[in-house]
Amino acid sequence: LRLAVPFTPGGVTDTSARLIAEYMSKKLDQQIIVENKPGASGNIGAAQVAAAEPDGYTLLLGFDGTMVINPHVFANIPFDTLKDFRPVGKIGDAILILVAYPGFKAQTLQQIIELSKQPGATVNFGSSGIGSPQHVAVELLNQRTGSKLIHIPYKGGGQAMIDVQGGTIPLVYTAVAGAYPHIMSGRITAIAVSSEKRAPSLPNVPTFIESGISDFIVNSWVGIFAPSKTPTAVIERLNSVLNEVLSDAEVIARLQKLGISATPGTPAAFGNAVKKHLDEYGQIIRSAGIKLE
């Protein structure tokens with residue numbers, strides 16, 4: 001079996017894929033090879049899996065940025081999320097966090113929002129790129145609160161994290177996994193997480209909801225997809241094995257270190273969530289005018 005990751009090695013999508021492949025291989029008694037197929041924010045690798053033989057031997061590590069945001073951001077996209085894929089199962093939710101340069105004068109979410117509204121104020125935030133889940137989440141925050149946070153896109157989150165530690169930019173919205181060691185060292189300040197509940201690894205950091213933004217829940221997620229004509233029996237078998245893996249205490253603990261909460265469930269439930277997110281993100285992206293050629 002081949003599990004395509006449409007990004008370069010080393011990120012959360014890649015590490016979560018390798019973890020799941022390791023444990024599913026044991027359950028299936030068959031090796032799952034992880035193949036990195038980066039390019040065009042995940043579009044190239046996703047399109048290759050969409051066109052693959054639907055026999056269950058070629059799977060995609062899907063990420064919300066590729067599967068439900070890119071279709072609204074890119075003028076031309078080489079796949080249709082709903083028509084070209086069958087959901088196998090969701091692996092989990094990756095908690096997102098807003099962090100700040102420790103010397104920045106606003107150190108709570110409400111202070112940041114109010115500062116951005118002041119005449120002449122320029123409050124920038126960095127993300128891993130245009131149309132990333134983090135970018136879209138802050139645009140939603142702007143729409144919901146009237147804040148005027150200005151997006152500074154980076155080619156990946158690594159340089160953004162370096163710049164916020166040095167004070168080049170005041171804010172970065174990113175995944176907890178990447179921010180955690182820098183929060184612990186004091187090089188950045190944790191402002192709030194946009195999950196429903198506090199992150200287990202950062203129990204003292206409030207949620208956006210606790211910070212006064214009602215019903216503001218934005219996570220990133222990863223899951224497994226197969227080509228659209230893959231037989232139902234194959235999908236069900238893969239889903240069953242995935243759920244066994246996601247119920248393993250060791251896997252749960254290892255995913256938590258990556259900032260991911262395991263979410264075993266059915267293919268139908270995952271598919272319904274994908275449809276819902278396609279619609280919700282579409283509305284946010286159209287309102288914000290986010291587009292890439």
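Axes here are lines fitted to C-alpha atoms, for helices over the stretch in contact, and angles run from 0 to 180 degrees between N-to-C directions. The model is predicted, so local features need pLDDT of at least 70 and side-chain atom pairs count only at pLDDT 80 or more, whereas totals for chains, interfaces and linings use all residues. Residues are numbered from 1 along each chain as its sequence is written, and side-chain values use heavy atoms, with hydrogens and water left out.

**View A. Helix H1 against helix H10.** The axes of H1 and H10 (residues 249-257) come within 11 Å and cross at roughly 170°. H1 is therefore roughly antiparallel to H10 (angles under 35 degrees count as roughly parallel, over 145 as roughly antiparallel, 65 to 115 as roughly perpendicular and the rest as oblique). Helices (H or I, at least four residues) and strands (E, at least two) are DSSP runs, numbered from the N terminus. Ser16, Leu19, Ile20, Glu22 and Tyr23 of H1 meet Glu250, Val251, Arg254 and Leu255 of H10, a contact being heavy atoms within 4.5 Å. By class, the residues of this contact are five nonpolar, one polar and three charged (Ala, Val, Leu, Ile, Met, Phe, Trp, Tyr, Cys and Pro count as nonpolar, Asp, Glu, Lys and Arg as charged, and the others, Gly among them, as polar).

**View B. Lys26 and the ring of Tyr23.** The charged end of Lys26 sits over the Tyr23 ring, 4.7 Å from its centre. The criterion is NZ of Lys or CZ of Arg within 6 Å of the ring centre and within 35 degrees of the ring normal.

View C. Pro6 lies in the loop between strand S1 (2-5) and helix H1 (12-28). Pro6 counts as buried because its relative accessibility is 2% (buried means under 20% relative accessible area, exposed over 50%, partly exposed in between; 1.4 Å probe, protein chains only). Leaving aside residues up to four places away in sequence, Pro6 touches Lys37, Pro38, Gly39, Gly42, Gly45, Ala46, Leu60 and Leu61. Pro6 and Ala46 are 40 residues apart in sequence, with 6.4 Å from C-alpha to C-alpha.

**View D. Aromatic pairs.** The whole structure holds eight aromatic pairs (rings of Phe, Tyr and Trp, its six-membered ring, with centres within 6.5 Å; planes under 30 degrees apart count as stacked, over 60 as edge-to-face and the rest as tilted). Phe79 and Phe85 have ring centres 5.7 Å apart and planes at 80°, so the pair is edge-to-face. Both residues, Phe79 and Phe85, are buried. Tyr173 and Phe208 are also edge-to-face, with centres 6.0 Å apart and planes at 70°. This pair links distant parts of the chain, 35 residues apart: Tyr173 is in strand S8 (residues 171-175), and Phe208 is in the loop between strand S9 (189-193) and strand S10 (220-227).
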